[in-house]
Amino acid sequence: MAMKVVALWGCAKSTNLHVGVTDLGSRPCGFVPILSRKLDFSSEKSKKWECCFTGVLAQRAITPTLDERPYTFGLKPSEATDLTQEDQPKGFHKDLSLLPKPLSAAHLLSTPNDGPQVRVAYQGLPGAYSEAAALKVYPKCETVPCDDFEAAFKAVELWLVDKAVLPIENSAGGSIHRNYDLLLRHRLHIVGEVQMQVNHCLLGLPGTRKEDVKRVLSHPQALAQCEMTLMKLGVTRVSAEDTAGAAQIVASDGQKDTGAIASSRAAEIYGLDILAEKIQDDDDNVTRFLILAREPIIPGTDRPYKTSIVFTLEEGPGVLFKALAVFALRGINLSKIESRPQRKRPLRVVDDSNKGCAKYFDYLFYIDFEASMAEPRAQHALGHLQEFAGFLRVLGCYPTDGAK
């Protein structure tokens, strides 16, 4: 295993805690090079924290290891080819074979990419909402579809793409827990975010009427977000991997009694008609996406910034209150808090005797707060937080209005 020199934001751990004094964070801090190793959450001895100062304290190997060598994945760009009515295969409005194939997690083949174009990975097929989010942030980028979220993370790590755009929460469906878990498992940095209005459309084959549809395919969340419309139509709901994938199935099957819930862009890509627009129950249906990269960006104070962290807490009464208070005492607003059970140590035993076996979950806490790591108050808050945290890591510091 290659040893790496990692720059960590190290703050001396103080045994005294004085809540309410004016300068809670005036402990000696500095950069300390240490040899990195994996943290074992299951070991009681691993009560260490790491706080990677984004932008300056990026994890870099002095000599690139095997998995850090540049790779690029050669995908032929999607070229729209209009077919005449006579040349179209049955069930296809357009030749779907011309679309880029999804990148799988095991796909390690690569070809040189000499172009300056930014390559962005997303989960799903062409026409997915994640692709639309990537194009909103990087209008001239080359989008690379991936089979699943894990494949998108690995594509960035293996230099197959430059960035990944992945959903993290939806105003109607809530948090995407899978991506929270992957943020901790992988060593990517959040470099931006983008919020996008989601407008679901009912799609069908050309010439199909809305009344002809008896079966509707889509992602389970999309089906749930269009509950009222589907009830009025009285259709059968069928789950699919993603919305764009549902549109592709409808286009390839060629059955006029089958529709899909997807974006208007998916209708254009797969040659389907839009039978109804904005069929979601709530008009304000917004999805927040994270932009991930191998290297963090340098935080500033020129515009509003957001910082995302993950940490665990030591056992004790009111410890979560104390952890959150370090931000309130410095006037830092928390915009998001999410808890996930630790997988390697999900339960903590309260009573080890034969008579009692009370247990409770050990949690990881994910927090977004509205401050830049370039501000002393943010640095002091994290220095104070480590008094209670057994583990602390900065996932990214990024502008709230999206990365450019």
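1. Buried here means under 20% relative accessible area. By that cut-off, strand β14 is mostly covered: nine of its nine residues are buried. Note that this is a predicted model.

2. Tyr305, Thr307, Ile309, Phe311 and Leu313 point one way. Lys306, Ser308, Val310 and Thr312 point the other way. Both sets are buried, Lys306 included.

3. β14 belongs to an open sheet of four strands. The order is β15-β18-β14-β19, and the pairing is antiparallel. The edges are β15 (334-341) and β19 (389-399). Each has a single partner strand, so one side of each lacks a neighbour in the sheet. Neighbouring strands are turned by 15 degrees against each other on average, direction ignored.

4. Now the pairings of β14. With β19, β14 pairs in the antiparallel sense over nine bridges. Val310 has Arg393 of β19 as its bridge partner. With β18, β14 pairs over five bridges, again antiparallel. Here Ser308 stands opposite Asp368 of β18.

5. Seven bridges join β15 to β18 (residues 363-369), and the two strands run antiparallel. Pro341 stands opposite Tyr363 in β18.

6. Which strands does α3 touch? Helix α3 packs on the sheet and touches β14 (305-313), β15, β18 and β19. The direction of α3 makes about 85 degrees with that of β15.

7. Helix α9 (residues 376-385) also packs on this sheet. α9 touches β14, β18 and β19. Its direction makes about 160 degrees with that of β19.

8. α3 has a helix contact as well. The axes of α2 (residues 149-157) and α3 (residues 177-185) come within 10 Å and cross at roughly 30 degrees. Angles under 35 degrees count as roughly parallel, and therefore α2 is roughly parallel to α3. The crossing is right-handed.

9. Which residues make the contact between α2 and α3? From α2 come Phe149, Glu150 and Phe153. From α3 come Arg178, Asn179, Leu182, Leu183 and Arg185. By class, the contact has four nonpolar, one polar and three charged residues.

10. In short, α3 touches strands of the sheet and also makes contact with α2. β14, with its nine buried residues, is among the strands touched by α3 and by α9.

Technical notes. Residues numbered from 1 in each chain as written. Predicted model: local features only at pLDDT ≥ 70, side-chain atom pairs only at ≥ 80, totals over all residues. Heavy atoms only, no water. Axes fitted to C-alpha atoms, helices over the stretch in contact; angles between N-to-C directions. Parallel < 35°, antiparallel > 145°, perpendicular 65-115°, else oblique. Left-handed = near helix turned anticlockwise from the far one by under 90°. Contact = heavy atoms within 4.5 Å. Nonpolar A, V, L, I, M, F, W, Y, C, P; charged D, E, K, R; others polar. Pairing = 2+ DSSP bridges. Buried < 20%, exposed > 50% of the residue type's maximum accessible area, 1.4 Å probe, protein only.
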